[in-house]
Amino acid sequence: MIASRPSTSLRALLLASTVSAVAVPDFSGQQAQIPIQPQDHSQGYQFDPLLHLPGISPYFDAVGFGLEHRAPEGCNVTAASYLVRHGAIYANDKEYEEYIKPFLWKLEQYREGWSGPLSFMSKWQSPIEEDKLEELTPSGAVDAAKVGKHLLERYEDLVPNTKRILADKKSRTYDTAKNLITAWAHNDTVEIVRVTKNKNGAMEELIPHKSCDAFSKEPGAEEQKTFINMYGASVSTRLAAYMPFKLTPKDVVGLQQLCGYESAIKGKRSEICAVFTDAEWMAYEYAWDLKYAYMVGPMNPLSPYLGFPWLHAQSKIFQSIDENGKPGGSWPDEQRFFLSFTHREVPPFVATALGLFNSSSNAKEQFPADHINWTRAWRMADLIPFLGHVGMEKMACERGAVSGDGPGEFIRFIANTAPRPIPDCQTGPGASCPLGDFEALIGKGAERHKDFHKVCDKKNKNV
């Protein structure tokens, strides 16, 4: 039985790195929060916009449900598999063209006339290099190494036997993988396999949306536009007194995105982050949760079809280890820790397939375009920051969660270091899922969504 140790929080590991969460000295200047003191029931809470930027924030640990990050008492992690988004890039090309570049062009035409909270804009320079838009930034490389260190400390008995990891053909995923393993003493013996062809369904597991002709990034665009026009007009009116031209709603989004990208690129909080109110940041967050819900989440019937190939493949690896003592396929016989590097769309597919970020109050969450759904469980800032990841752990436990249960094996899911219970299976230690129940769940899901090629290749919109 492989022993496990308490995991070192990734937030602690990133204190000296680019950007962290609330109450980290790098940005807020405040020390870690302490238990409630007399007459101070707020515990010094301070809103942090960097925790509300789906898809473009520097990495931070998710809070999750408050479950212990280390394996539950009496349990040892015997195998683990992670799907990791690439590290910080200079900018997403589509977001840059649609939101950021038009604002930057206007900025160059109007360098005078800025005042109040925007006075710094008269001399501010964009850190985004157009010829490097989707390349990994230096700070993204540093953070990748820190995540690699965290994973090594979390799985100190598993990582040293890792000889092969996967990445797709994009430079940002490969460079993230290359930098992440620098934290491992045996990094020179780790092979990074670049998946460029759909051999044995490899692309369907790693980048399923690239293997699905029916997938489009357009779903949710109209709903998002409606919501952005509504809150963006209000922000533009509020800021009009401090600037030489009137912001369009898209300019507002571009300026908000520069808060995230500049913070990620420079490794320190952007001045732009303080320009907007907490409510305006929550509106920005909802605009993108709304978009992702329709594009890669529960509002897109394709999402579970695109999430199950990875889940099914990892389940088969774990089963093969049980049955043959080897992971099977092209994996080295002794390997028990598996890493695949991908893009922002894929962790939400997996989460949707399992219901990890779906509400318990409704089978299908509501995403109105005229106001914020504050009670939604679908919050992508907690899943897809740069280096965001979803992982599954196989645990051997002395007993189950129910008193008197004997030894058993369980599966637990992790999203940005925080355990995430599967809504339909959480009766094991630490809200994990008994292995047999998990295999049955994945089997049913894989059968229900087996027509990947049919729904994708024939562009069947009525899944």
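Q: Which residues of α3 are buried?
A: Happy to start here, keeping in mind that this is a predicted model. Counting as buried those under 20% relative accessible area, α3 has a list that runs from one part of the helix to another: Ser139, Gly140, Ala141, Asp143, Ala144, Val147, Gly148, His150, Leu151 and Arg154.

Q: How far apart are the end C-alpha atoms of helix α3 (residues 138-154)?
A: Let's work out what to expect. The helix has 17 residues, and at 1.5 Å a residue these should span 24 Å. The model agrees with that, as the end C-alpha atoms are apart by 25 Å.

Q: Are α6 and α8 roughly parallel or antiparallel to each other?
A: Two packed helices are described by the angle between their axes and the distance between the axes. For α6 (residues 221-239) and α8 (residues 278-295), the axes come within 9 Å and cross at roughly 170°. Angles over 145 degrees count as roughly antiparallel, so α6 and α8 are roughly antiparallel.

Q: How many nonpolar residues does the contact of α6 with α8 have?
A: On the α6 side the contact includes Phe227, Ile228 and Tyr231, and on the α8 side Ala283, Trp288 and Leu290 are among the residues. By class there are one polar and four charged residues, and the nonpolar ones number 12.

Methods: Residues numbered from 1 in each chain as written. Predicted model: local features only at pLDDT ≥ 70, side-chain atom pairs only at ≥ 80, totals over all residues. Heavy atoms only, no water. Axes fitted to C-alpha atoms, helices over the stretch in contact; angles between N-to-C directions. Helix = DSSP H or I, 4+ residues; strand = E, 2+ residues; numbered from the N terminus. Parallel < 35°, antiparallel > 145°, perpendicular 65-115°, else oblique. Contact = heavy atoms within 4.5 Å. Nonpolar A, V, L, I, M, F, W, Y, C, P; charged D, E, K, R; others polar. Expected span 1.5 Å × (residues − 1). Buried < 20%, exposed > 50% of the residue type's maximum accessible area, 1.4 Å probe, protein only.
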